[in-house]
Amino acid sequence: MGYELRIEGHLDEHWSTWFDGLALTLEGDGTTTLRGVVTDQSELHGLLAKVRDLGVTLISVTPINSDHQQQHRR
C-alpha cells in the first residue's frame, strides 16, 4: 500500500533518505508531499513519528494505490 503525507513547508531532498526513501515533491503552495510504499501500519506510525520529531505540521495522510504512484513517477 502506498501513502502520501503532506506537510507544511518545504523540505530539502536529503530528507528523502531519513523518510525511508519516500519521494519528496515541493509543491507550489509551500507544502511538501512525501509519497511511497509503506509495508505496514508499524512503518506508517514510524514515518508519522519522524514528522513529529522534525517539528513540522502534518496536513494530511492519504492512502494511494500503486496505479496512482506510477502516474506520479512518469
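Helices (H or I, at least four residues) and strands (E, at least two) are DSSP runs, numbered from the N terminus. The model is predicted: local features need pLDDT of at least 70, side-chain atom pairs count only at pLDDT 80 or more, and totals for chains, interfaces and linings use all residues. Residues are numbered from 1 along each chain as its sequence is written, and side-chain values use heavy atoms, with hydrogens and water left out.

View 1. Helix α2 covers residues 41–54. Its 14 residues should span 20 Å at 1.5 Å a residue, and the end C-alpha atoms are 20 Å apart, which agrees. The expected span is 1.5 Å times one less than the number of residues. D40 caps the N-terminal end of α2, with a side-chain oxygen 3.2 Å from the backbone nitrogen of S42. Just after α2, G55 has a positive phi of about 80°.

View 2. L44, L47 and V51 are buried in α2 (under 20% relative accessible area; exposed is over 50%, partly exposed in between; 1.4 Å probe, protein chains only). Seen down the axis of α2, its buried residues fall within an arc of 60°, so they line one face of the helix. The arc is that of the directions from the helix axis to the C-beta atoms. The cover over these buried residues includes β1 (2–8) and β4 (58–64), where contact means heavy atoms within 4.5 Å. The face turned away from the buried side carries exposed S42, H45, R52 and D53.

**View 3. R35 in strand β3.** R35 sits in β3, residues 31–37. R35 is buried, at 10% relative accessible area. Its side chain makes a polar contact with the side chain of E4, at 2.7 Å. Such a contact is a pair of N or O atoms within 3.5 Å; within protein, one must be able to donate a hydrogen and the other to accept it, and residues adjacent in sequence count only if both atoms are side-chain atoms.

View 4. The structure holds 2 aromatic pairs. The ring centres of W15 and W18 are 5.2 Å apart and the planes lie at 70°, so the pair is edge-to-face. Rings of Phe, Tyr and Trp (its six-membered ring) pair if their centres lie within 6.5 Å; planes under 30 degrees apart count as stacked, over 60 as edge-to-face and the rest as tilted. W18 is partly exposed, at 33%. W18 and F19 also pair edge-to-face, 5.3 Å centre to centre with 80° between the planes. F19 is buried, at 0%.
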